[in-house]
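Q: I have not looked at this one before. Could you walk me through it?

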There are 2 protein chains.
Amino acid sequence: MTFSADAFLDIDKTSPPKVRGFRFAGIAAGIKSNGKPDLGLILADEDVAAAGVYTKNRVRAAPVEIAQKRTRKGRLRAVLVNSGNANACTGEPGRKAALASTAAVAKRIGVSAELVAPASTGVIGALLPAEKILDAMPRLLDAVDSSRAADFARAIMTTDQWPKVATRTLKIGKETATVLGVAKGAGMIHPDMATTLAFVVTDAGCSPALLAKLLKEATDATFNAISVDGDTSTNDTILLLASGKAGTVKAGSKDAKALREALEDVLGALGRSIIADGEGAEHVVTFEVSGARSDADARKAAKTIATSPLVKTALHGVDANWGRILAAAGRSGAVFDPDVAAISIGDVAIVTKGMPIGKTAEAAAAKIMAGPDYTIRVSLGRGPGKARYLTCDMGKSYIAVNANYRS
Amino acid sequence: MTFSADAFLDIDKTSPPKVRGFRFAGIAAGIKSNGKPDLGLILADEDVAAAGVYTKNRVRAAPVEIAQKRTRKGRLRAVLVNSGNANACTGEPGRKAALASTAAVAKRIGVSAELVAPASTGVIGALLPAEKILDAMPRLLDAVDSSRAADFARAIMTTDQWPKVATRTLKIGKETATVLGVAKGAGMIHPDMATTLAFVVTDAGCSPALLAKLLKEATDATFNAISVDGDTSTNDTILLLASGKAGTVKAGSKDAKALREALEDVLGALGRSIIADGEGAEHVVTFEVSGARSDADARKAAKTIATSPLVKTALHGVDANWGRILAAAGRSGAVFDPDVAAISIGDVAIVTKGMPIGKTAEAAAAKIMAGPDYTIRVSLGRGPGKARYLTCDMGKSYIAVNANYRS
């Protein structure tokens, strides 16, 4: 997994490339009280291969249940997404609202409602105003165009500061295929912080089974190392649609590997953009844990460190407070001997054999921590296990945004 | 477990009662750079029964190792506590500093160093300045007096806003015995937030084995439902010393039950004072989870809810954001069906059968949430399991204190 700056495609400055077989729309339907865009549509020219990954939370929003059931068949025609309302904890009325909304899309485009997947994000526990979505349906379908992925990206934002789009190309034989991903984050990207939605379309083609496999692998390597994971919101959803207009990829082939890498790059870039957009975040920090007894142990340690409020506030304070890092690892459940642990920030070693190297090293580390983007490596000295976790610092504006989110 | 306001004994307003067989001191030894008290001593008139509970973190400070080893024998004569330096992650030099400090106490009072338990709290990874403690030893022992528990309480503070003392009396036959507890919190009382130290003395007497049993039971019912738990700092320690001057308590007796209840009241009051002192905390909130499949499941849910930054910021914002509470329960690992879950704040029901009752209920709940102290009940509708967890809201000053703690 590599995150490079050029993986971000700032759609305020440039337009995302078209992807053959897909059109997009994003409009304001009045779901958000502030009049901002809140309804988006991805429309495929014909039925396409589809795969999804979903929240593991026991509390699942109505659209998640419906999207998962419909995508299980491996084919979709459209994805209808609203922001401003999560349609979660809304019971049978919520389920009916999601069904009515997707049925309206299906009717307009002349397909079975089973081919339209819903997704929602926003406030929990308020009934989705389906009538507003039905009223907006003619405008939504009028707006659909192959060049409007940017509109779609804006329509799915909640407290995001910027829309999140990333693309990659790959070769399938002589054809150039494109992978285009759109995501929304919002809130801190703590595990329990906010809904993550991501939608990826490609004109590469493959079987639904292979698509599901590639999506799962790419998600585990990217989004599951920042946020979605076992700890999830009620609405987290990633959907992948493949039109096949640029050729077909077979399982086990070089092309399949290229598609997986492109997916991983796109999801990695989206994940990084989400982290960078953490409320009040000034630093994107990658924790790399090595030397654990197992990858699972390394993951426990990396996740506990990266989600510790004490560690995250120290990152905000540009304080090389390695004691908090070591203490977080110590309570993570990972088995290790603190007396052989080592920590470095960027290329500056600050802890060796469980003890501080000194004030000079910590001052040098603090200079690195003043930057927007750096890596902290924690070596447990116990075995071959390793893991990576991306996080951001926790600043005062995080409190402000989250204390007043519903106000 | 009951927490009543009168369990707080504000030592700025009144003096804690004497406990026969114990003397205390608290002085400034120069460990803290700001000149505040930082060295405390509890001195028993003779060897007394002792028991302890300690951090479960893999990273354990030198004084924790030494205190646990020495207390295992069931007898202590003195406890030496410093603030301003945790003596954690300091390796062999740290161990030597703790041994030298306790040896100096032992020499002065003419006992074996094995009878002196150390405890430390403060910055991790800086070597304990043993020479400052040795220099201060004559002053510390000169200051020792049965009326100076308040000085001791001040000397163990770190970022605490107030010293924490609580007392209870009980009858042993015709004698009145006293249980006096002193604690320090600091930081949020999130599990991973800061060191908790507590020291309890009583003139009741009992065997070390019974003392250890009573302490463990009382801790499980109190401190382990706020903070110490499986998630602990490098230094967490609770020590209990019993002089027996007010009579002896036998296992299984009514007196043993009374002593356990007194211990639980004292530790409960100290725990509540620690929570109320959470940085930036304006509300002390008790989460009561019922209807879980088991007590263990209830505890998972209660702990995940009570430690969720999203929930804690909503408490700060006086926002009856039950969606965050339900979502936290949903990712806790507790097994339940969200469609039968119920939530009430104080005596106001806001969620029934997994759905909101309405805006009027939420407005009524918000009025309760404006208060300093209230209870949120979450019913999972699945079985007899129940658990309680105490927490506070997360405010902006939490960030300020923790981002700049070492500066």
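A: One term first: two strands pair if DSSP finds at least two bridges between them. Also keep in mind that this is a predicted model.

Q: Fine. Which residue does B:V285 stand opposite in β13(B)?
A: B:V285 stands opposite B:Y374. In the same way, B:T286 has B:T375 of β13(B) as its bridge partner.

Q: In what sense do β9 and β13 of chain B pair?
A: The sense is parallel, and there are seven bridges. β9 covers residues 284-292 of chain B, and β13 covers residues 373-379.

Q: And how does β10 of chain B run with β13(B), parallel or antiparallel?
A: β10, residues 342-345 of chain B, runs antiparallel to β13(B), joined to it by four bridges. One example is B:I343, which stands opposite B:V378.

Q: What holds paired strands together in general?
A: Strands of a sheet pair through backbone hydrogen bonds, in either a parallel or an antiparallel way.

Q: What is the order of the strands in that sheet of chain B?
A: The order is β12-β11-β10-β13-β9-β14. The six strands of chain B form an open sheet with mixed pairing.

Q: Which strands are at the edges?
A: β12 (355-356) and β14 (385-392) of chain B, each of which pairs on one side only.

Q: Which helix packs on the sheet?
A: Helix α6 of chain B, residues 254-276, packs on the sheet and touches β9 and β14 of chain B. The direction of α6 makes about 50° with that of β14(B).

Q: Switching to chain A. How many helices and strands are there?
A: Chain A has 11 helices and 14 strands. Of its 407 residues, 64% count as buried. Among the contacts in chain A with a separation of 6 or more, 79% are between residues 24 or more positions apart.

Q: At what angle do α5 and α6 of chain A pack?
A: About 45°, with the axes 9 Å apart. α5(A) spans residues 208-221 and α6(A) spans residues 254-276. The two helices are therefore oblique to each other, and α5(A) passes α6(A) in a right-handed crossing.

Q: Which residues make the contact?
A: On the α5(A) side, A:L210, A:L214, A:L215, A:E217, A:A218, A:T219 and A:A221 take part. From α6(A) come A:A256, A:L259, A:R260, A:L263, A:E264 and A:L267. Sorted by type, the residues of this contact of α5(A) with α6(A) are nine nonpolar, one polar and three charged.

Q: Where does A:A364 lie?
A: A:A364 lies in helix α10 of chain A, residues 359-369. A:A364 counts as partly exposed because it has 18 C-beta neighbours inside 10 Å, and buried would take 20 or more. The C-alpha atoms of A:A364 and A:A98 are separated by 54 Å, and the two residues are 266 apart along the chain.

Q: Back to chain B. What about phi at B:N87?
A: B:N87 is not a glycine, yet its phi is positive, about 50°. Most residues other than glycine have a negative phi. B:C89 is another case: its phi is positive, about 60°, and it is not a glycine either.

Q: Where does B:N87 lie?
A: B:N87 is in the loop between β3 (75-83) and α2 (91-109) of chain B. B:C89 is also placed in the loop between β3 and α2 of chain B.

Q: Does B:N87 count as buried or exposed?
A: B:N87 counts as buried because it has 32 C-beta neighbours inside 10 Å. B:C89 is buried too, with 27 other C-beta atoms within 10 Å.

How values were computed
Residues numbered from 1 in each chain as written. Chains lettered and ligands numbered in written order. Predicted model: local features only at pLDDT ≥ 70, side-chain atom pairs only at ≥ 80, totals over all residues. Buried ≥ 20, exposed ≤ 12 C-beta atoms within 10 Å, placed from the backbone. Contact = placed C-beta atoms within 7 Å. Axes fitted to C-alpha atoms, helices over the stretch in contact; angles between N-to-C directions. Parallel < 35°, antiparallel > 145°, perpendicular 65-115°, else oblique. Left-handed = near helix turned anticlockwise from the far one by under 90°. Nonpolar A, V, L, I, M, F, W, Y, C, P; charged D, E, K, R; others polar.
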